[in-house]
Amino acid sequence: MTIRFCLGLLLCGLSALNSFAQTPPKAASATKAAASVAYVVGHRNPDLDSIASAIGLADLMTRRGVPCVPAAQGKVTPDTAFALAKFGLPVPEIITDATDRKLLLTDHSDTLQSLDNLAKGEILAIVDHHKLGDVTTRSPLEMWVWPVGSTCTVVAGMYDFYGVGIPKGVAGTMLCALLSDTLLFKSSTTTPTDHRTAEKLARIEGIRDIQALGMEVFRVKANLAGTPARELLLRDYKDFTMGGKKVGIGQIEVMGLSTLDPYKAGLRAEMNLLKAEKGLSALFLMLTDILTEGTELLLVLDDGALVEKAFGRKPQGDRLWLPGVMSRKKDVVPSLEKAFAR
Ligand code: MG
Ligand code: MG
Ligand code: MG
């Protein structure tokens, strides 16, 4: 961990202690102490971008005088654990409830993907790169939503805007997230800003070979060995409401689709179970291959005609090959939203 980042966390901790000390003993409760610090948190089933953007934004805001801690809505994924260990950062604490908390949301703005009791918290900021969701606030907020490849790209832009330097360690972790979210710049969500940001983060961290770092991240991300099918299905899973219907979309990114062959039957069984458990109208699982740059879409749904409406091609049974499709937010969600709205 760098000195500046440690200092940020220390200041944040001191400020929390300070406001705790100023509270009369009778009123001193855990909730009051928690309320003085703001939590920066990404979406449910957190990916590397959710975690790294929360870490970066918490550091930036703390150094701007708003004491923040990064948090996560659940256990981190293997690629996240890898990046945090590589750059010496701690795994953020897990929070699942917004009640009485000050919050900054990263990498999402949908209530379905956010904390429980979101309306009982106070949202200070939203920093994201998805379509605008349905989160609303009572007070004015800071909002940065850019159509770029990763939320970390937006956070890097905020550091620039406020004239604050990105600490080493944080920069490396954010770079890993940028590479993970853009699928090594291959996703349709990738912009020139992402390339420029990656080069800047690499310069700060002293990384010469960005592609090599990206391959390291993907070797960890694409290694599914021994992971139960249910965990694979839920690792990068999101709930949506489309045309009033509940829709779930998961994604697994691999290097070579054949890696998934041993898992397909198990995944299919878990998809059927999950659809029934959650009362979904449709459940999709994107098997995205970074090598051939396309997605095999596995589907379980009530209205089979929807898929042809959405993607203009007939599924082969319970699957559909979508060449060039790699992004859930840009290539899949908008087409499905349109089809469900009709
Ligand atoms: Mg994400
Ligand atoms: Mg993201
Ligand atoms: Mg993703």
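The donor residues of the magnesium ion (ligand 2) follow the sequence spacing D-x57-D-x21-H-x51-D. Donors are N, O and S atoms within 2.8 Å of the metal (3.2 Å for Na, K and Ca); water is not among the atoms, so sites may look incomplete. This is a predicted model, where local features need pLDDT of at least 70, side-chain atom pairs count only at pLDDT 80 or more, and totals for chains, interfaces and linings use all residues. Residues are numbered from 1 along each chain as its sequence is written, chains are lettered from A and ligands numbered from 1 in the order written, and side-chain values use heavy atoms, without hydrogens and water.

Me: Which residues coordinate the magnesium ion (ligand 2)?
Reply: The donor atoms sit at 2.1 to 2.3 Å. They are OD atoms of aspartates and NE2 of a histidine. The residues are Asp49, Asp107, His129 and Asp181.

Me: Which residue bridges the magnesium ion (ligand 1) and the magnesium ion (ligand 2)?
Reply: The two ions lie 3.4 Å apart. One residue coordinates both. That residue is Asp107.

Me: Is His43 buried or exposed?
Reply: Buried means under 20% relative accessible area, exposed over 50%, partly exposed in between (1.4 Å probe, protein chains only). His43 has 0% relative accessibility. Therefore His43 counts as buried.
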